[in-house]
Amino acid sequence: MSEAEVTPKRQKGLDGTPKPSLAQPAPAQPAPAQPAKPVKQAKPTKGKAAKARKAAKGRGVKHKVVYERINYLVQAAVAVVELSPDLARHYVGNIRELARRLVLRLDRSISRQLCKGCDIILVPHISAKVRIKAKLVTTTCLSCGQSSSHSGITFATSDPSP
Ligand SMILES: [Zn+2]
């Protein structure tokens, strides 16, 4: 008898303890539901971001790394031409090799800085002589004497003037 009385008491006691525990999860249930909603919202934004990245890749410049390399080599050649013309020729040779291998057309602003005779970078007063006569710019290499001329001073090709 006493055991039967004890067991219901234990059951009651067990029932009594889960009741507060049930009451606690009730507020806890909305709490996981709230983080779940931002996760659902984050997934579409990730998808949108991925789509945007893919679109940006599609619109990106082809051979961007090579153009960056060419830009670096031009700057390096300009920097060293006064101290070491042979090193500048080596850099210009690398530029021509990159453009030839990937069939890239060098921008006019770059190709006009490269000597066609000895592959040195043409910097006015250091490795080249520049004369302007009758709207014609003539650049003469000081090491090999090769001269090239073009009309107008167009070092920046992004000039929108017609
Ligand atoms: Zn030259």
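**Hairpins, sheet and core**

In the hairpin formed by strand 1 and strand 2, with 2 residues between the strands, Ala134 takes a positive phi near 55°. Strands here are DSSP runs of E with at least two residues, helices are DSSP runs of H or I with at least four residues, and both are numbered from the N terminus. The model is predicted: local features need pLDDT of at least 70, side-chain atom pairs count only at pLDDT 80 or more, and totals for chains, interfaces and linings use all residues. Residue numbers start from 1 along each chain as its sequence is written.

Strand 1 and strand 2 (residues 136-141) run antiparallel and are joined by 6 bridges. Two strands are said to pair if DSSP finds at least two bridges between them. Along this pairing, Val130 has Thr139 in strand 2 as its bridge partner, and Ala128 has Cys141 in strand 2.

The next hairpin is made by strand 2 and strand 3, with 5 residues between the strands, and in it Gly145 takes a positive phi near 85°. Leu136 stands opposite Ser151 in strand 3, while Thr139 stands opposite Ser148 in strand 3.

Together these strands give an open sheet of 3 strands in the order 1-2-3, with antiparallel pairing. Strand 1 and strand 3 stand at the edges with a single partner strand each, so one side of each has no neighbour in the sheet. On average, neighbouring strands of this sheet are turned by 20° against each other, direction ignored; the axes are lines fitted to C-alpha atoms, with angles from 0 to 180 degrees between N-to-C directions.

Ile126 is found in the loop between helix 7 (108-111) and strand 1 (128-133). Ile126 counts as partly exposed because it has 14 C-beta neighbours inside 10 Å; a residue is buried with 20 or more other C-beta atoms within 10 Å of its own, exposed with 12 or fewer, and partly exposed in between, the C-beta atoms being placed from the backbone. Ile126 touches Val81 and Glu82, not counting residues up to four places away in sequence, where contact means that the C-beta atoms, placed from the backbone, lie within 7 Å. Glu82 is 44 residues from Ile126 along the chain, and their C-alpha atoms are separated by 6.4 Å.

Another loop residue is Leu104, between helix 6 and helix 7. Leu104 is partly exposed, with 15 other C-beta atoms within 10 Å. Leaving out residues up to four places away in sequence, Leu104 touches His63, Val66 and Ala99. The C-alpha atoms of Leu104 and His63 are separated by 8.9 Å, although the residues are 41 apart along the chain.

The largest nonpolar core has 16 residues, of which Ala77, Ala88, Val92, Ile120, Ile121 and Leu122 touch the most other members. Helix 5 (64-80) and helix 6 (85-101) are the elements that give two or more residues to this core. Such a core is a set of buried Ala, Val, Leu, Ile, Met, Phe, Trp, Tyr and Cys residues joined through C-beta atoms within 7 Å. Val92 touches Ala77, Leu114, Asp119, Ile120 and Ile121, not counting residues up to four places away in sequence.

Notes. Two residues are in contact if their C-beta atoms, placed from the backbone, lie within 7 Å.
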